[in-house]
Amino acid sequence: MIIKKLALINFRNFKKLETEFEEKVNIITGNNGAGKTNLVEAIYYLSLARSFREVNNIDLINKGNKNAIIRASVSRDNILTDVAILITPTAHKILVNGKVVRKLSSLLKLVNVVVFEPKDSFIFRGSPSIRRNFLDLTLVKKYPEYLEILSGYDKLLKERNQLLKNEEVDLLALDVITDKMSEYALKIILYRHKLCSEINEIISKVVNHIKGVNDSLEVVYQPFIDTIDLSKDKIVECFRKNTASDIKKKVTSIGVQREDFQMLLNGKDVATTGSQGENRLAAIALKLVPYFLIKEKEDRPIVIMDDVMSELDAIHQKRLFEFLQKLGQVFVTETKINQPNTTIYHIENNQLLRRKA
């Protein structure tokens, strides 16, 4: 999939912007604060109807305006689709070819985007929730049905936690919810286990292309339950063993909502033994892996690399660029960069100037 055209109205610092993009590597340059990340943020928003930054809708709307609009012409199998999102301070409306779309899964089929941003360098040293979020987002994009499974579990988890907050806990109701939760938990574990196996088939090849060495990277999934002879009944039993503790703590203390994974570099935990540079390159490789999990070329995601080059030395910059040029449509933001066989877009005074490298 390729974004052919992009139009922004009152989005961040752009009051009005219209541009066309190339199929391969598009470099976005400009001074700090010029709006480079804002531009790729708009592209990402087309995929999930949300930003990759932790912001509210009102932060996305140009000051003094009531709403913002992101509109794009997306090409897949040489078929153009018009995707537009109206953003208000409290909501958003998605239109595909002029018709309102209410399901996020419908949008995901049209626009798939993967992003690496500076904070991703700390993915292995940060909170487990960051790593779970990576797994779940990747699964939602690869298997749209996973979104319903995850949403079903989350809804039941909230109900279970609400029950546990009561002075007198209804044990029968707790059992009913736990039984339903366990069905979803089983499916989530199986999906996550499968994804980690798929990642491990690819990730060492990706990092070695970038590093130019022969390292081994491996994701080690850490489910909340022993997966030998895994079954729904086994999960139910595990939840029930923790019932007394949950009632005392007034919260569900175990479950897929507390799972994690480790990244091993040559057999060692990169978070604790790896250098900052090793963590960064492993994180870049991990964030690029979802591109290769999609078999059909036309369905492979658009890649965004936000401010990644400044933290790499010249050799790794060169190798990463050579790797990115083998992919589909890529957006790279940098303050100043010049690479052959790319198209450069320079932001100045909230305007976009285009030139060939």
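**Fold and selected residues of a predicted model**

In this predicted model, buried residues make up 53% of the 357 residues in the chain.

User: How many helices and strands does the chain have, and what radius of gyration does the chain show?

Analyst: The chain has twelve helices and 15 strands. For 357 residues the globule rule gives 21 Å, and the value for the chain is close to this, so the chain is as compact as a globular protein of that length. Its C-alpha trace spans about 65 × 50 × 35 Å along the principal axes. The radius of gyration is 22 Å.

User: What share of the contacts with a separation of 6 or more comes from residues 24 or more positions apart?

Analyst: Contact here means heavy atoms within 4.5 Å. Among contacts in the chain with a separation of 6 or more, the part formed by residues 24 or more positions apart is 70%.

User: How far apart do the centres of the positive and negative side chains lie?

Analyst: The chain carries 55 positive and 45 negative side chains. The distance between the centres of these two sets is 5 Å.

User: Is Asp136 buried or exposed, and with which side chain does the side chain of Asp136 make a polar contact?

Analyst: Asp136 belongs to helix α4, residues 128–142. Its relative accessibility is 11%, and because buried means under 20%, Asp136 counts as buried. Leaving aside residues up to four places away in sequence, Asp136 touches Tyr146, Leu150 and Arg192. The polar contact, at 3.1 Å, joins the side chain of Asp136 to that of Arg192.

User: Where is Asn10 placed, and is Asn10 buried or exposed?

Analyst: Asn10 lies in strand β1, which comprises residues 2–11. Phi of Asn10 is near 55°, a positive value in a residue other than glycine. With a relative accessibility of 14%, Asn10 counts as buried.

Note on methods:
Residues are numbered from 1 along each chain as its sequence is written. This is a predicted model: local features need pLDDT of at least 70, side-chain atom pairs count only at pLDDT 80 or more; totals for chains, interfaces and linings use all residues. Side-chain values use heavy atoms; hydrogens and water are left out. Helices (H or I, at least four residues) and strands (E, at least two) are DSSP runs, numbered from the N terminus. Buried means under 20% relative accessible area, exposed over 50%, partly exposed in between (1.4 Å probe, protein chains only). A polar contact is a pair of N or O atoms within 3.5 Å; within protein, one must be able to donate a hydrogen and the other to accept it, and residues adjacent in sequence count only if both atoms are side-chain atoms. The radius of gyration is taken over C-alpha atoms; the globule rule is 2.2 Å times the number of residues to the power 0.38. Lys and Arg count as positive and Asp and Glu as negative; His and the chain ends are not counted. The place of a charge is taken as NZ of Lys, CZ of Arg, CG of Asp or CD of Glu.
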